Amino acid sequence: MQSDERILTTHCGSLPRPAALSELLLLQEAGEPIDQQRLHHESSEAVAGVLRAQVDAGIDIVSDGEQPRVGFSMYVPMRMAGFGGESKRPTPKDMDDFPLFAKMRQARQGRRNRIYNPPRAVAEVSYRGSDAAREECEMFVAALTGIGKNTADAFMTAASPGIIATTMENAYYDSYENYVFALARELRKEYEVIASHGFALQLDAPDFGLERARMFKHRTDGEFLSTMELNVEAINRATQGMPRHAIRLHVCWGNWEGPHTHDFPLAQLLPLLYRAKVGALSIEFANPRHQHEYCAIKSNPLPAEMILIPGVIDTTTNFVEHPEVVANRICEAVAVVGDRSRVIAGTDCGFATSAGPEVVSPDVTWAKLKSCKEGADIASRRLWNRQHAS
């Protein structure tokens, strides 16, 4: 979805869940008995609610907010066989460097899903069936129909093979390569369900940013980049035959407020990201650690077949960005891309990537998205040299 008339707006997928729904999802993940009809009802109501909130904020390209999922990646082992036990995820290097901050952050966290102690691959991974994915898609279709929108104005997220392979340890396959390609083969089944319902597919791949300071913190840049090459190939295998214009790839350095002093430079990632057969790159640029990295795109221009979705809204703080700040960020992105129709304003990451207490308050989330729209309108007036934007 592009526009030759104005800057469009979107976001990265996850949006705040009602407390009752979060509790049900956490219980479900823990294997505790829950009322499945109640879960379906709460999920449906939540999807309809976040859709209305996005429309009210003026967002053009909307999502279901990942309401029926316990997390952006942790839903995968609930839909796939082959996982069990517990992975021992290394702490980010930032936490090692700032132990007082690490203690403070841990003290602030409430009940979370298993993102910090996920299961690992203990057998051949295989998709159990597409019922859950279909139910989620149909729930979103119903909500869109209810407000007169269609799937062409919407996207759905899915975890990339690489973020699953780097988050959930391999305790079965004889190599990382075989593991990530097996994931690509099975996750493709979910991607096809999303595409068959007419949604754009967003692949969430924070592995390209955050794993250098986590899984690879004691290894070399070369080893990290070699693994990321496999992750790009896994994406291309999993989406083979799908139209690239209907696929967007989200890359970030971890959706958490902290030092981020070991974030891997975007300049070294871009050549790899450009190999992905996708139509858009969603990259965080709003937070203080990455605002300068538009220069990387200026030095290594975006391929003609790609759109840039720059993060112009931070998702880790309760500051509501002023629309003029948002407009400045959008215009900076347009300047490096060189084509106003190939920039869509977005967010750095999701606002609720895991079920549980959100860092950004829900009412602030909607204010931030409204500011994104207002900033896009200001940028449109500047870029199209007219008094009013639609």
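Visitor: What covers the buried residues of α10?
Guide: The cover includes α7 (161-167), α8 (176-196), β5 (200-204), α9 (207-210), β6 (247-251) and α11 (266-273). Helices (H or I, at least four residues) and strands (E, at least two) are DSSP runs, numbered from the N terminus. Buried means under 20% relative accessible area, exposed means over 50%, and partly exposed lies in between (1.4 Å probe, protein chains only).

Visitor: Before we go on, what sort of model is this?
Guide: This is a predicted model: local features need pLDDT of at least 70, side-chain atom pairs count only at pLDDT 80 or more, and totals for chains, interfaces and linings use all residues. Residues are numbered from 1 along each chain as its sequence is written, and side-chain values use heavy atoms, with hydrogens and water left out.

Visitor: Back to α10. Which residues in α10 are buried?
Guide: Phe224, Leu225, Thr227, Met228, Asn231, Val232, Ala234, Ile235, Asn236 and Ala238.

Visitor: And how far does helix α10 reach?
Guide: Helix α10 covers residues 221-238, which is 18 residues. From first C-alpha to last it reaches 26 Å, close to the 26 Å expected at 1.5 Å a residue. The expected span is 1.5 Å times one less than the number of residues.

Visitor: Let's zoom out. How many helices and strands are there?
Guide: The protein has 14 helices and nine strands. Its C-alpha trace spans about 60 × 50 × 45 Å along the principal axes.

Visitor: What is the radius of gyration, and what would a compact globule have?
Guide: A compact globule of 390 residues would have a radius of gyration near 21 Å; the protein has 20 Å, so the two agree. The radius is taken over C-alpha atoms, and the globule rule is 2.2 Å times the number of residues to the power 0.38.

Visitor: How many of the residues count as buried?
Guide: Of the 390 residues, 58%.

Visitor: What about contacts along the chain?
Guide: Take contacts between residues at least 6 apart in sequence: 83% of them join residues at least 24 apart. Contact means heavy atoms within 4.5 Å.

Visitor: Now single residues. Where is Leu8?
Guide: Leu8 is in strand β1, residues 8-9. Leu8 counts as buried because its relative accessibility is 5%.

Visitor: What does Leu8 touch?
Guide: Leave out residues up to four places away in sequence. Then Leu8 touches Met1, Gln2, Ser3, Asp60, Ile61, Ile344 and Ala345. The C-alpha atoms of Leu8 and Gly58 are 9.6 Å apart, though 50 residues separate them along the chain.

Visitor: Is Ala152 buried or exposed?
Guide: Exposed, because its relative accessibility is 54%. Ala152 sits in the loop between α6 (131-146) and β4 (155-159). Neighbours within four places aside, Ala152 contacts Met1 and Gly198. Ala152 and Met1 are 151 residues apart along the chain, but their C-alpha atoms are separated by 7.6 Å.

Visitor: Next, Val326. Which helix holds Val326?
Guide: Helix α13, residues 323-337. Its relative accessibility is 0%, so Val326 counts as buried. Beyond residues up to four places away, Val326 touches Val312, Ile313, Glu321, Ser371, Cys372, Gly375 and Ala376.

Visitor: Where is Lys217, and what is Lys217 in contact with?
Guide: Lys217 is in the loop between α9 and α10. Neighbours within four places aside, Lys217 contacts Pro90, Thr91, Lys93, Asp96 and Arg212. Why does Lys217 count as buried? Because its relative accessibility is 13%.

Visitor: Are Glu66 and His260 buried or exposed?
Guide: Glu66 counts as buried, at 2% relative accessibility. His260 is buried too, with a relative accessible area of 8%.

Visitor: Last one. What do the buried residues of α1 pack against?
Guide: They pack against α2 and α3. Helix α1 runs over residues 19-29, and its buried residues are Leu21, Ser22, Leu24, Leu25, Leu26, Leu27 and Glu29. α1 is followed by Gly31, whose phi is positive, near 80°.
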